[in-house]
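Please look over the chain shown here. The report below goes through selected residues, then the helices and their packing.

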Amino acid sequence: MSNVTTHSFTNCGAQAVALAERVATQLREAIAARGTAVIAVSGGSTPKDFFARLSREALDWAKVAITLVDERWVPDTDERSNAKLVETTLLQDAARAARFVPLYTGAPTPEAGLAEAGARIAALPAPFDVVVLGMGEDGHTASFFPGGDHLAAALDPHGTAKVLPMHAPGAGEPRITLTLPVLLDTRALYLLVSGEKKRDLLADVRLGLADAKNHPVRAVVQQDRVPLAVYWCP
Ligand SMILES: O=C(O)[C@H](O)[C@@H](O)[C@H](O)[C@H](O)COP(=O)(O)O
């Protein structure tokens, strides 16, 4: 039985609404069951509408911790910062009351900030309630980039590191990323993608036509730790 379900939408607005409603329900259920909820989200351009929709969902946001699946190692004032994206699109409206747990520490390099970022993630309740991933057209997800210097360690299902630095030709700037075991230790896992190129790439990955070294997203698609729900729009 496949571990992957795909939800396809005819427009990206509908995709954002559907995922926001689904995730909000899961955050409410987590708060009802355990008193708190934890969600880890991706950066990039795709999740903006989803973040805006989610930020307006009525739930007890003061009990929600929001962190990132990865971060570009730039100050949170930089346009490329995922923290900035979250602050300006998700930590708005009702969600303003949520607690944001950033990965960027202000240290000069991800290596220098690794211990502090790892401690922040280790301090969060596990498993996470929700993880929302994105994917690049090169087959990266989080900061699992093809050719990344710590890719093998980040994808090690038995690795013990919670976060790792990542330098890669396609990454733009130094990164820090949650590792595969941390991302898969979640009650709900989503992959939010748009466009035909990403749809076709995912189809290849599911058929086993793309390997994890060149298309690291395979590690979250071809796994049996947690079901993956793909939300796709054109
Ligand atoms: O910080 C990042 O870059 C991300 O977390 C990354 O993994 C992202 O999800 C993909 O690159 C897709 O990005 P787009 O949505 O911009 O295509």
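## Arg99 and strand 5

Arg99 sits in strand 5, which covers residues 99–101. This is a predicted model. The relative accessible area of Arg99 is 48%, so the residue is partly exposed. The cut-off for exposed is over 50%.

Which residues does Arg99 touch, leaving aside those up to four places away in sequence? They are Val64, Ala65, Ile66 and Leu124. Lys63 is 36 residues from Arg99 along the chain, yet their C-alpha atoms are separated by 7.8 Å.

## Thr67 in strand 3

Thr67 belongs to strand 3, residues 64–68. Is Thr67 buried or exposed? Its relative accessibility is 0%, so Thr67 counts as buried.

Residues up to four places away in sequence are again left out of the contacts. Thr67 then touches Ile39, Ala40 and Val41, as well as Phe100, Val101 and Leu103. Ile121, Leu124 and Phe128 complete its list. Leu124 is also among the residues that Arg99 touches.

## Loop residues

Pro174 lies in the loop that runs between strand 7 (163–166) and strand 8 (175–178). With a relative accessible area of 32%, Pro174 is partly exposed. Beyond four places in sequence, Pro174 touches Glu71, Arg72, Trp73, Pro110, Met166 and His167. Ser81 is 93 residues from Pro174 along the chain, and their C-alpha atoms are 12 Å apart.

Pro127 is in the loop between helix 4 (110–122) and strand 6. The peptide bond joining Ala126 and Pro127 is cis, with omega at about -5 degrees.

## Positive phi angles

Asp93 is not a glycine, but its phi is positive, at about 45 degrees. Asp93 is placed in the loop between helix 3 and strand 5. Its relative accessible area is 45%, which makes Asp93 partly exposed.

Ala142 is not a glycine either, and has a positive phi of about 45 degrees. The loop between strand 6 and helix 5 (151–155) holds Ala142. How accessible is Ala142? Ala142 is buried, with a relative accessible area of 6%. The cut-off for buried is under 20%.

## Helix 2: the buried face

Helix 2 spans residues 48–55, and its buried residues are Phe50, Phe51, Leu54 and Ser55. Why do these residues line one face of helix 2? Viewed down the axis of helix 2, they fall within an arc of 130 degrees, so they share one face. An α-helix has 3.6 residues a turn, so residues three or four places apart point the same way.

The buried residues of helix 2 pack against several elements. Two are helices: helix 1 (12–34) and helix 3 (82–89). The others are strand 2 (37–41), strand 6 (128–133) and strand 9 (186–194).

Helix 1 packs on helix 2 at an angle of about 45 degrees, and the axes are 8 Å apart. That angle makes helix 1 oblique to helix 2. Their crossing is right-handed. Helix 1 contributes Ala16, Val17, Leu19, Ala20, Val23 and Ala24 to the contact. Helix 2 contributes Asp49, Phe50, Arg53 and Leu54. By class, eight residues in this contact are nonpolar, none is polar and two are charged.

Helix 2 also packs with helix 3 at an angle of about 45 degrees, with axes 9 Å apart. Helix 2 and helix 3 are therefore oblique to each other. On the helix 2 side, the contact uses Lys48, Phe51, Ala52 and Ser55. On the helix 3 side, it uses Leu85, Val86 and Thr89. By class, this contact has four nonpolar residues, two polar and one charged.

## Helix 7

Helix 7 covers residues 196–206 and has Lys198, Leu201, Leu202 and Val205 buried. These residues cover an arc of only 100 degrees around the axis, so they lie on the same side of helix 7.

What do the buried residues of helix 7 pack against? Their partners are strand 9, helix 8 (218–221) and strand 10 (228–233). Strand 9 is also among the partners of the buried residues of helix 2. Gly208 follows helix 7, and its phi is positive, near 80 degrees.

Definitions and conventions:
Residues are numbered from 1 along each chain as its sequence is written. This is a predicted model: local features need pLDDT of at least 70, side-chain atom pairs count only at pLDDT 80 or more; totals for chains, interfaces and linings use all residues. Side-chain values use heavy atoms; hydrogens and water are left out. Buried means under 20% relative accessible area, exposed over 50%, partly exposed in between (1.4 Å probe, protein chains only). Helices (H or I, at least four residues) and strands (E, at least two) are DSSP runs, numbered from the N terminus. The arc is that of the directions from the helix axis to the C-beta atoms. Contact means heavy atoms within 4.5 Å. Axes are lines fitted to C-alpha atoms, for helices over the stretch in contact, and angles run from 0 to 180 degrees between N-to-C directions. Angles under 35 degrees count as roughly parallel, over 145 as roughly antiparallel, 65 to 115 as roughly perpendicular and the rest as oblique. A crossing is left-handed if the near helix is turned anticlockwise from the far one by less than a right angle, and right-handed if clockwise. Ala, Val, Leu, Ile, Met, Phe, Trp, Tyr, Cys and Pro count as nonpolar, Asp, Glu, Lys and Arg as charged, and the others, Gly among them, as polar.
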